Amino acid sequence: REDIIAHFEQTGLGRRAVNYKIRDWLISRQRYWGAPIPIVYDPAGNPHPVKEEHLPLLLPTDVDYLPKGTSPIGSSQEYAERAEQLYGKGWHFEVDTMDTFVCSSWYYLRYCDPHNEKAFASKELLKQWLPVDLYVGGAEHAVLHLLYARFFHKALQDFGEIPKEVGPEPFHALRNQGMILGEDHQKMSKSRGNVINPDDIVNQYGADTLRLYEMFLGPFEDVKPWSTESIKGVKKFLDRVRTAVVAAENDIATGKRTLANGTSRLIHKTVKKVTEDIEGFHFNTAISALMIYFNEKDFMSGNTVDREALKKSVLLLAPFAPFLCEELWEIMGETEQLATAPWPTYDAAHIHDEIVTIAVQVNGKTRGTVSVPADATQDDVQTVANADAKISKHIGGRTITKAIFVPGRILNLIVK
């Protein structure tokens with residue numbers, strides 16, 4: 001094939017080209033929901049575009065939704081009268097509506113300038129906000145909705161409605177979330193009777209529990225089964241967080257504990273972990289880090305409460321449990337909304353443990369552990385290991401031929 005293409009290009013008889021095919025999709029649907037199609041018919045049945053001064057064409061509200069074999073809008077007396085008032089006796093609007101994919105293919109453009117009454121968006125604002133940083137959808141979006149959104153973007157750009165400076169693509173990145181299965185590990189469907197109604201979960205456990213649980217289920221892209229028992233554990237965690245914050249504030253108010261002067265090492269490590277995990281869409285491990293932190297109750301030490309560390313931990317939890325965290329923010333004496341507070345920062349100098357425990361192996365078998373500074377080198381660890389009687393007896397006067405060192409974790413000495 002490549003030789004044939006090269007021959008045609010060299011002789012001028014042809015050239016390499018790529019042909020794109022877009023899957024056909026119905027524009028009109030016989031239903032109420034969807035944008036009205038801006039077409040009006042004259043008494044002879046000939047179609048005409050709705051005049052610009054009559055736009056936007058709004059859906060009527062006096063509609064009978066019972067199935068009659070025609071679009072529900074056809075039952076609207078107001079819609080019929082509106083057409084004749086604007087265009088004359090015997091004229092009528094198109095009563096089908098556009099498929100909702102039409103609106104969903106360009107709505108993000110309107111977000112850039114939602115109150116503009118002269119255009120769908122100012123070109124300056126489109127240049128400021130586009131392309132969209134991140135597009136999140138199900139796997140089916142990769143070949144359907146995404147394809148049409150790109151088509152609309154390119155078409156509108158060809159028409160001069162989207163500035164060339166925006167670039168040829170509407171989105172920087174796409175992430176597909178995994179499907180949540182029923183408790184039977186099957187796809188949720190009414191026929192299987194395994195559908196979980198989110199409203200029922202919110203009513204029983206609260207919206208924060210539902211949000212947190214869905215993100216805690218597993219990696220963002222993975223298919224994950226629902227578990228009612230597991231969601232109870234998430235609810236208990238949130239209850240523990242609230243109890244801990246209220247207890248800390250009560251202890252401060254009653255003089256049982258005083259405010260600490262600085263923030264601990266663990267909160268710095270947690271801020272780093274949660275920040276990086278959120279940016280990487282590793283929500284489940286970010287939540288795990290928060291569970292560890294609140295389990296440690298690191299903000300309480302002896303007779304003190306580190307309120308700054310506590311505030312940071314609540315800020316970290318807020319993206320996952322916003323309602324609870326806004327309440328806790330107020331309990332801690334804050335008057336401004338938590339949602340407007342800056343994201344917590346960490347000090348890199350505080351994210352490493354001062355002392356770590358390292359396993360020492362001899363020929364692959366663990367012979368003991370040593371405690372060393374977190375930044376200890378291989379030579380440092382080996383020196384401490386040689387001074388440990390339990391470890392050194394396995395080395396004796398033997399020759400160390402190789403040392404495998406994983407900083408902060410393990411030292412494996414190969415001897416003969």
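Which residue in E14 is the bridge partner of Ile 358? The bridge partner of Ile 358 in E14 is Val 370.

## Basis of the description

The model is predicted, so that local features need pLDDT of at least 70 and side-chain atom pairs count only at pLDDT 80 or more, while totals for chains, interfaces and linings use all residues. Residues are numbered from 1 along each chain as its sequence is written, and side-chain values use heavy atoms, with hydrogens and water left out. Helices (H or I, at least four residues) and strands (E, at least two) are DSSP runs numbered from the N terminus, and two strands pair if DSSP finds at least two bridges between them.

Strand E13 (residues 355–362) and strand E14 (residues 365–373) run antiparallel and are joined by eight bridges. They form a hairpin with two residues between the strands, and in its turn Asn 363 has a positive phi of about 55 degrees.

E13 is also joined to E16 by four bridges, here in a parallel arrangement, and the partner of Ala 359 in E16 is Ile 410. Ile 410 in turn stands opposite Val 406, within the antiparallel pairing of strand E15 (residues 400–406) with strand E16 (residues 410–415), which has six bridges. The hairpin of E15 and E16 has three residues between the strands, and Gly 408 takes a positive phi near 80 degrees there.

E10 and strand E12 (residues 304–305) run parallel and are joined by two bridges, with Thr 258 opposite Thr 304.

## Contacts of helix H8

Helix H8 (residues 207–216) packs against helix H9 (residues 228–254) at an angle of about 120 degrees, with the axes 9 Å apart. Axes are lines fitted to C-alpha atoms, for helices over the stretch in contact, and angles run from 0 to 180 degrees between N-to-C directions. The contact (heavy atoms within 4.5 Å) involves residues including Leu 212 and Phe 216 of H8 and Val 234 and Leu 238 of H9.

The axes of H8 and helix H11 (residues 283–296) come within 7 Å and cross at roughly 115 degrees. In this second contact, Leu 212, Met 215 and Phe 216 of H8 meet Phe 283, Asn 284, Ile 287, Ser 288 and Met 291 of H11.
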